[in-house]
Amino acid sequence: MKYISSSLYRKMIGQARAEGMTSADLSVFALPDEQLRAVEAVPAEQFFELHEKLDEHLGPGFAVRVGQEMKIEDYGVLGLSWRTCSRAGEIFERCERYFMLLSNTYLFKVNHRGALSDILLLREPHRRGVALSNEATLSASVVVLRAMTDADIYPVSVSFKHAAPANTASHQRAFQCPVHFDQDFYRLTYRREDLDRRTAKADKSINSFLLDRVAEETEGITVGADELARDLETLVRDALPSGIPTLGAMAQHMGMSNRTLTRRLTERDIQFRELVHKVQEQVARELLSTSANSVAEIAFQTGFSEQSAFSRAFKRWTGNSPAAYRRGF
């Protein structure tokens, strides 16, 4: 059976209350609050059923309005990983890795075509609740991209596979672009330059590194091995949810060419691959000892695409399985 985070279920209930429904109204078809507090996920079919019932009670566009209220922190581990993305469109790459590891309820795919990029949500609407959930997902994606970039960016078009509801006012307000129904895909289309925008986090990081490099060049300062390693470790840690970072990607973040970063690492006797493994081990140890994240979630956060590969690597690093290591705390 497929499951969906209970936080998304609670978000729907919160929006229903904001639109005038009472606890008594909701008790007819929603899980009680005390039960929701006790679980991390609800059966997907129960989630889709709630979408259907709330749409019936609160009118067309309810799912889109729920999406507009989503916050990055509502997405748990996945949302935390978005905060360290270097560019806006990277959130969809992280979504793909996350759901491959933990669930098969969503699948995003990004296709570039010239100056435009299509973000496809590949989840077939086997029931009306799935179609409504897809509306909420695309609506929330717009909110997240704007929050990540601190910019007022919107798609140039949005498409839905299902038929248009009687009233599309909520859709128009949320997407601020032409909205199409009865299409081949669930799709957001953005200007490619908007998806390539640096995030607020990345701008702050790269500015710091560039200022250090300017000081180094103009004042004759030599960055020591420890400082260079710390800078690189910070960037690797942020990049891991997107997969194992390349030296080239890290060089770009540090305002250097590949050749320059390679030379500086060699001069300081630092092996890039060893540094990445060190950071992966550090992150894994920290999360296993201090968080309630599942092993699959920790595998995602440390750059692995399979939980089994993470478990093998962790045992190689520590001599213990992730579960045994966690039991020691």
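Me: What is a salt bridge, and how many salt bridges does a search of the whole structure find?

Reply: A salt bridge is a side-chain nitrogen of Lys or Arg within 4 Å of a carboxyl oxygen of Asp or Glu. A search of the whole structure gives 18 salt bridges. Keep in mind that this is a predicted model, where local features need pLDDT of at least 70, side-chain atom pairs count only at pLDDT 80 or more, and totals for chains, interfaces and linings use all residues. Residues are numbered from 1 along each chain as its sequence is written, and side-chain values use heavy atoms, with hydrogens and water left out.

Me: Which residue meets Glu-45 in a salt bridge?

Reply: Arg-127 does, at 2.7 Å from N to O. Helices (H or I, at least four residues) and strands (E, at least two) are DSSP runs, numbered from the N terminus. Glu-45 sits in helix H4 (residues 44-58) and Arg-127 in the loop between S4 and H8, so this pair ties together parts that are 82 residues apart in sequence. Glu-45, Glu-52 and Arg-127 also belong to one network, joined by salt bridges that share partners.

Me: What separates Glu-281 and Arg-285 in helix H15?

Reply: These two side chains meet in a salt bridge of 2.9 Å, N to O. Glu-281 and Arg-285 are four residues apart in helix H15 (residues 272-290), which means about one helical turn lies between them.

Me: How do I read aromatic pairs, and how many are there?

Reply: Rings of Phe, Tyr and Trp (its six-membered ring) pair if their centres lie within 6.5 Å; planes under 30 degrees apart count as stacked, over 60 as edge-to-face and the rest as tilted. By this rule there are 13 aromatic pairs. Take Phe-160 and Phe-175: their ring centres are 6.0 Å apart and their planes at 65°, so this pair is edge-to-face. Phe-160 lies in the loop between strand S5 (157-159) and helix H9 (169-175), with Phe-175 in helix H9, so the pair ties together parts 15 residues apart in sequence. Phe-160 is buried at 0% relative accessibility, and Phe-175 is buried at 0% too. Phe-160 also forms a stacked pair with Phe-181, 5.2 Å centre to centre and 20° between the planes. Elsewhere, ring pairs link Phe-304, Phe-310, Phe-314, Trp-317 and Tyr-325 into a cluster.

Me: What is the order of the strands in the open sheet?

Reply: Strands of a sheet pair through backbone hydrogen bonds, either parallel or antiparallel. Two strands count as paired if DSSP finds at least two bridges between them. Here, an open sheet of five strands has the order S3-S4-S7-S5-S6, with mixed pairing. Its edge strands are S3 (108-113) and S6, each pairing on one side only. S3 and strand S4 (residues 116-121) run antiparallel and are joined by six bridges; Asn-111, for one, has Asp-118 in S4 as its bridge partner.

Me: How many disulfides does the whole structure have?

Reply: A disulfide is a pair of cysteine sulfur atoms within 2.5 Å. The search finds zero disulfides. Cys-95 is in none, and its nearest cysteine sulfur, that of Cys-85, is 8.6 Å away. Cys-95 is buried, with a relative accessible area of 4%.

Technical notes. Buried means under 20% relative accessible area, exposed over 50%, partly exposed in between (1.4 Å probe, protein chains only).
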